[in-house]
Amino acid sequence: MMVFGLIALIAGAASALMFASIVSGALISLVLFYLAPLPLMVAAIGWGPLYASLGGIAAAVGLGAIFGLPYCLAFAVTVALPAWWLGHLVLLGRQVASITPDAAVAAPAEPEIEWYPVGRILLWIAGFATLTTLAALLTLGTDADTITGTLRRGLTRILHATDPQATGEADQFIDALVRIAPAAAAVVSMMTLTLNLWLSAKVTATSGRLRRPWPDMKTAELPPMTLAVLCIALAFCFTGGLVAIVAQITTAALMMAYALTGFAVLHTLTLALKSRTFWLGSTYAVVVVFGWPVIAMVILGLADAVFGFRERFLRSRQPPPLPTS
């Protein structure tokens with residue numbers, strides 16, 4: 001029991017310190033802030049979700065006692081809740097009965113476990129990215145005009161602090177930033193949550209505490225209904241008000257989920273290439289350096305969801321059936 005409490009408190013304290021480092025204003029604190037879910041995710045995957053829940057509660061209470069209720073709620077919604085639930089999903093599995101003709105005479109074997117699909121975990125990450133981004137924007141105001149006005153004033157203050165001679169073109173630049181800020185925040189939240197979950201799984205796998213086999217990332221695919229939800233969210237982007245902002249956030253998060261499945265498609269379609277490592281490495285480098293080429297991955301992920309490129313490619317690589325006598 002003492003070990004249980006110690007692990008949970010260490011994970012919670014590390015996560016809380018990383019989250020609270022943002023108040024220092026140092027550049028490195030931004031990296032620590034985005035990696036704040038990592039200790040709790042490691043605890044959840046390596047020891048169990050109960051460790052993450054206890055550590056998250058202790059960290060939220062501590063932050064609330066030191067910095068006030070807003071920090072407590074922000075940590076609980078943006079860090080503790082996603083870390084606990086995503087860690088729970090990673091370990092979620094069910095036994096699958098394998099029925100064979102020799103089942104009656106064969107020796108009893110270990111039950112096969114079907115683990116929670118990676119694609120559904122991606123969908124949950126997109127949901128948390130939407131929730132945390134919307135929660136952050138609602139701290140600026142409860143309607144679209146207040147939110148955009150607060151964002152514009154904040155960006156204007158930052159711009160004029162760095163360049164006091166800013167002209168009218170700067171105002172147009174600020175207006176463009178205000179329009180894309182909610183979607184950009186959702187993309188950042190989506191990517192940081194995905195990175196934290198991947199890093200925590202790698203840490204626990206390296207330490208030997210990962211209780212599920214490492215999944216084949218090339219098979220990751222989103223549920224079919226995700227495409228319908230994306231189309232609906234995309235349609236609401238053209239309405240207006242707070243509904244349009246929520247739709248933009250949802251669309252951006254789902255687009256990034258399809259971008260990640262697009263990378264999975266790319267890994268599958270390049271299996272036959274001799275210089276596969278070079279092409280994959282070049283693609284990742286171009287996306288990381290320039291950013292905008294990720295649109296190609298989004299298109300690839302959407303095309304695979306509609307046309308099933310991976311299934312067709314893998315079917316074409318299977319050997320033909322043996323002739324029957």
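**Cysteines, a helix pair and a loop residue**

With a disulfide taken as a pair of cysteine sulfur atoms within 2.5 Å, the count in this predicted model comes to zero disulfides. Cys-231 takes part in no disulfide, and the nearest cysteine sulfur, that of Cys-237, lies 11 Å away. Cys-237 counts as buried, at 19% relative accessibility, where buried means under 20% relative accessible area, exposed over 50% and partly exposed in between, with a 1.4 Å probe and protein chains only. Local features need pLDDT of at least 70, and side-chain atom pairs count only at pLDDT 80 or more, while totals for chains, interfaces and linings use all residues. Residues are numbered from 1 along each chain as its sequence is written, and side-chain values use heavy atoms, with hydrogens and water left out.

Helix H3 (residues 37-46) packs with helix H5 (residues 69-90) at an angle of about 30 degrees, their axes being 8 Å apart; helices are DSSP runs of H or I with at least four residues, numbered from the N terminus, and axes are lines fitted to C-alpha atoms over the stretch in contact, with angles from 0 to 180 degrees between N-to-C directions. H3 and H5 are therefore roughly parallel to each other, a description for angles under 35 degrees. In the contact (heavy atoms within 4.5 Å), Pro-37, Leu-40, Met-41, Ala-44 and Ile-45 of H3 meet residues of H5 including Phe-75, Val-79 and Leu-86.

Thr-139, found in the loop between helix H6 (118-138) and helix H7 (144-162), is exposed, with a relative accessible area of 64%. Thr-139 and Glu-311 are 172 residues apart in sequence and, C-alpha to C-alpha, 44 Å apart in space.

Note on methods: Helices (H or I, at least four residues) and strands (E, at least two) are DSSP runs, numbered from the N terminus. Angles under 35 degrees count as roughly parallel, over 145 as roughly antiparallel, 65 to 115 as roughly perpendicular and the rest as oblique.
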